[in-house]
Amino acid sequence: MLSILDILEDTTADGPGFRTAIYAAGCPNGCPGCHNPDSWDINRGHWMSTDEILKTVLADTFADVTFSGGDPMFQPEGFAELASAIKRESGKNIWCYTGYTFEKVRQNPRQAKLLEYIDVLVDGKFRKDLKDDDLYFRGSSNQRLIDVQASLRKNEVVMYQPKVSIDN
């Protein structure tokens, strides 16, 4: 079971293309200037099973998935179970936002399990002093877009490189 604040379908703000964004309740980071401070309290969410969430995700065959919040790494086992089911049932691309750094997540066995299923990790606490409205898919310049699977293979951080197509 996961404590979920909301599920937003067909968003384009939480990663490239259309996405189903799953907003986790619970976050220990308390970043000053956070865009969603109501998400810090895990009790503000409603409890949902993996199957309930999966039905919503699979109902849209075109949208990929984003885990946001709050912080999905606050409920890592539940999100790992959900991510595994999403990959098994659909192979959809999964982005995950967290206030933790990639390096910290790798050191925590509970959180590291979720990395096995994540394609892109947007890591690092939001920092109001580094806020930059011109950044894609992140709020402050200290946050990184990490290609998780390439990083795990190379055992070092590999930055995500968006695929750009040029129309003639």
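This is a predicted model: local features need pLDDT of at least 70, side-chain atom pairs count only at pLDDT 80 or more; totals for chains, interfaces and linings use all residues.
Asp-119 and Lys-87 make a salt bridge, with their closest N and O atoms 2.6 Å apart. Across the whole structure, a search turns up nine salt bridges.

**Salt bridges**
- Lys-87 counts as partly exposed, at 25% relative accessibility.
- Arg-144 pairs up with Glu-103 in another salt bridge, closest N and O atoms 2.7 Å apart.
- Arg-144 is in strand β7 and Glu-103 in helix α3 (residues 102-107), so this pair ties together parts 41 residues apart in sequence.
- Glu-103 is partly exposed, with a relative accessible area of 36%.
- Glu-103 and Arg-144 also belong to a network of salt bridges with Asp-123.
- Asp-129 and Arg-127 meet through their side chains at 2.6 Å, N to O; Asp-129 is exposed at 58% relative accessibility, while Arg-127 is partly exposed at 38%.

**Aromatic pairs**
- The count comes to four aromatic pairs.
- Trp-95 and Phe-137 have ring centres 5.4 Å apart and planes at 80°, so they go down as edge-to-face.
- Trp-95 lies in strand β5 (residues 94-97) and Phe-137 in the loop between β6 (120-123) and β7 (144-147), so the pair ties together parts 42 residues apart in sequence.
- Trp-95 is buried at 1% relative accessibility, whereas Phe-137 is partly exposed at 23%.
- Phe-137 also forms a tilted pair with Tyr-136, 6.2 Å centre to centre and 45° between the planes.
- Tyr-136 counts as exposed, at 65% relative accessibility.
- Ring pairs join Trp-95, Tyr-136, Phe-137 and Tyr-160 into a cluster.

Note on methods. Residues are numbered from 1 along each chain as its sequence is written. Side-chain values use heavy atoms; hydrogens and water are left out. Rings of Phe, Tyr and Trp (its six-membered ring) pair if their centres lie within 6.5 Å; planes under 30 degrees apart count as stacked, over 60 as edge-to-face and the rest as tilted. Helices (H or I, at least four residues) and strands (E, at least two) are DSSP runs, numbered from the N terminus. Buried means under 20% relative accessible area, exposed over 50%, partly exposed in between (1.4 Å probe, protein chains only). A salt bridge is a side-chain nitrogen of Lys or Arg within 4 Å of a carboxyl oxygen of Asp or Glu.
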